[in-house]
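Here's a quick tour of a fold, taken one piece at a time. Have the structure open and follow along.

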Amino acid sequence: MKKYIAAAAVVLALTAGVGVYLGSGATAAPASTFVLLDGTQKSTADLKGKVTLVNFWATSCVTCVGEMPKVIATYDKYKAQGYDTLAVAMSYDPPSYVVNFAQTRKLPFKVAIDNTGSVAQAWGDVKLTPTTYLVNKRGEIVKRYVGEPDFAELHKLIEKLLAEA
């Protein structure tokens with residue numbers, strides 16, 4: 001009898017959790033100011049109106065460097081449809097390395113340096129790289145990836161979000 005009660009409690013808790021998750025939808029991207037390589041700034045509010053990939057990465061991260069050609073290809077594929085990418089270098093990444101990487105790889109999107117770590121902190125205390133967020137046109141986080149995303153799945157989700165009003 002105790003097993004049935006415990007199982008029923010687990011099912012009830014899971015059902016309630018799913019209901020909360022489905023009902024609440026996406027959460028607003030945290031208010032942040034991104035300092036770009038050219039010295040200009042971009043804020044979370046600037047992300048609204050486009051589907052944006054916010055990618056926390058580091059030049060010392062093998063997975064980050066390995067996924068970057070796919071991040072570039074994704075940007076190139078969807079940029080004309082209202083898609084953007086913002087690569088945020090971690091605070092421990094030497095700025096000269098980030099600049100060199102962005103220039104030699106010809107990164108076609110905006111690159112920010114989170115020199116104080118405050119942006120990573122605001123976005124859920126990001127410590128592991130790559131950590132990537134997909135933000136919808138309303139400025140809400142729709143998906144979080146830790147590690148390299150499944151790019152086929154990511155592309156489907158981007159297409160779905162681009163189709164939304």
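Are Cys 61 and Cys 64 buried or exposed? Both of them are buried. Keep in mind as you read on that this is a predicted model.

## The disulfide

Search the whole structure and you find one disulfide.

As for its geometry, the link between Cys 61 and Cys 64 is right-handed, with 80 degrees about the S-S bond.

Six of them make up an open sheet in the order 1-8-7-4-5-6, and the pairing is mixed. Strand 1 (27–28) and strand 6 (110–113) sit at the edges with a single partner strand each, so each has one side left without a neighbour in the sheet.

One place to look is Ala 28, whose bridge partner in strand 8 is Glu 140.

## Helices across the strands

Two helices to pick out here. Helix 2 (residues 62–78) lies across strand 4 (51–57), strand 5 (83–89) and strand 7 (131–135), and runs at about 155 degrees to strand 5.

Then there's helix 5 (residues 151–163), which lies across strand 4, strand 5, strand 7 and strand 8. Against strand 8, helix 5 runs at about 175 degrees.

Definitions and conventions
Residues numbered from 1 in each chain as written. Predicted model: local features only at pLDDT ≥ 70, side-chain atom pairs only at ≥ 80, totals over all residues. Heavy atoms only, no water. Pairing = 2+ DSSP bridges. Helix = DSSP H or I, 4+ residues; strand = E, 2+ residues; numbered from the N terminus. Contact = heavy atoms within 4.5 Å. Axes fitted to C-alpha atoms, helices over the stretch in contact; angles between N-to-C directions. Disulfide = S-S within 2.5 Å. Buried < 20%, exposed > 50% of the residue type's maximum accessible area, 1.4 Å probe, protein only.
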